[in-house]
Amino acid sequence: MKPKLPKRIPRSLSKEEVRLVLLHADCMDWRNKEECLRNRAIIRTFLYTGMRLSELLALKHDEINIEERQIYIHQGKGKKDRIVPIHHDLLPYLKSYLNGKKAALFAFTSLRSECPLTPKNLYRIIKKIRKESGIYFSPHMLRHTMAKNCIESNINPFVLQAILGH
C-alpha cells in the first residue's frame, strides 16, 4: 500500500489581495451601469457566500431573500439544498443590482437577454478583473478565501460546513 501524500492547503487570497480585487472590480470601466452593478455583485457573492460557480449561475431571482438576508441554494453539489446568510458587506451590492434589474428568472443574467450567464461569460469577467488587478484568482479561490476568513473569525466549523454545503 502506498503512503498517503500530504494534502496541499487550498489556495486563497490574502486580505490585501481581496481589497485590491474589489477595488479594481469597482473602479473598472464597464460598458454600462447594469454591467458594473452585476459584476460587483457577482464578485462579492462569491467572496461573501462561498457559493460554487454552478450554484451562482443557477441562482434564481426569487431564491435571494433580501429582507431575511438569506440565499436559498436549491440542489447544490450532491443535490443538497441549503440556506446561506447574506453578509452585511454583500447586502448593499445585491440590493442595488437586483433593484435596478427587470424581473428575470435568474439572478445573474446576460446583459442582452434574460438567459443566465454561462461559465464562459463569467470567466471573461474574472479574466478582465485579474488582468486589471494583477492578482490571479478563480471563483473557487474566492470560495476558499471565504472559508479561511470564517475560520479566522472563529466561526463554528460545523456552521461553516453547512454554509459551504459539505
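Guide: R44 is buried, with a relative accessible area of 5%, where buried means under 20% relative accessible area, exposed over 50% and partly exposed in between, with a 1.4 Å probe and protein chains only. This is a predicted model, in which local features need pLDDT of at least 70 and side-chain atom pairs count only at pLDDT 80 or more, while totals for chains, interfaces and linings use all residues. Residues are numbered from 1 along each chain as its sequence is written, and side-chain values use heavy atoms, with hydrogens and water left out.

R44 belongs to helix α2, helices being DSSP runs of H or I with at least four residues, and strands runs of E with at least two, numbered from the N terminus. Leaving aside neighbours within four places in sequence, R44 is in contact (heavy atoms within 4.5 Å) with L22, D26, T49, D89, L90 and Y93.

Of these partners, D26 forms a salt bridge with R44, the closest N and O atoms being 2.8 Å apart; the term denotes a side-chain nitrogen of Lys or Arg within 4 Å of a carboxyl oxygen of Asp or Glu. The pair links distant parts of the chain, with D26 in helix α1 and R44 in helix α2, 18 residues apart. Both D26 and R44 are buried. Through shared partners, salt bridges join D26, R40 and R44 into one network.

In the D26–R40 salt bridge, the closest N and O atoms are 3.4 Å apart. D26 lies in helix α1 and R40 in helix α2, so this pair ties together parts that are 14 residues apart in sequence. R40 itself is partly exposed, with a relative accessible area of 22%.

Helix α2 covers residues 33–49, has 17 residues and is mostly covered, 14 of the 17 being buried. Just after α2, G50 takes a positive phi of about 75°.

I129 touches V21, A25, M28, W30, I43 and F137, not counting residues up to four places away in sequence.

How values were computed. The expected span of a helix is 1.5 Å times one less than its number of residues.
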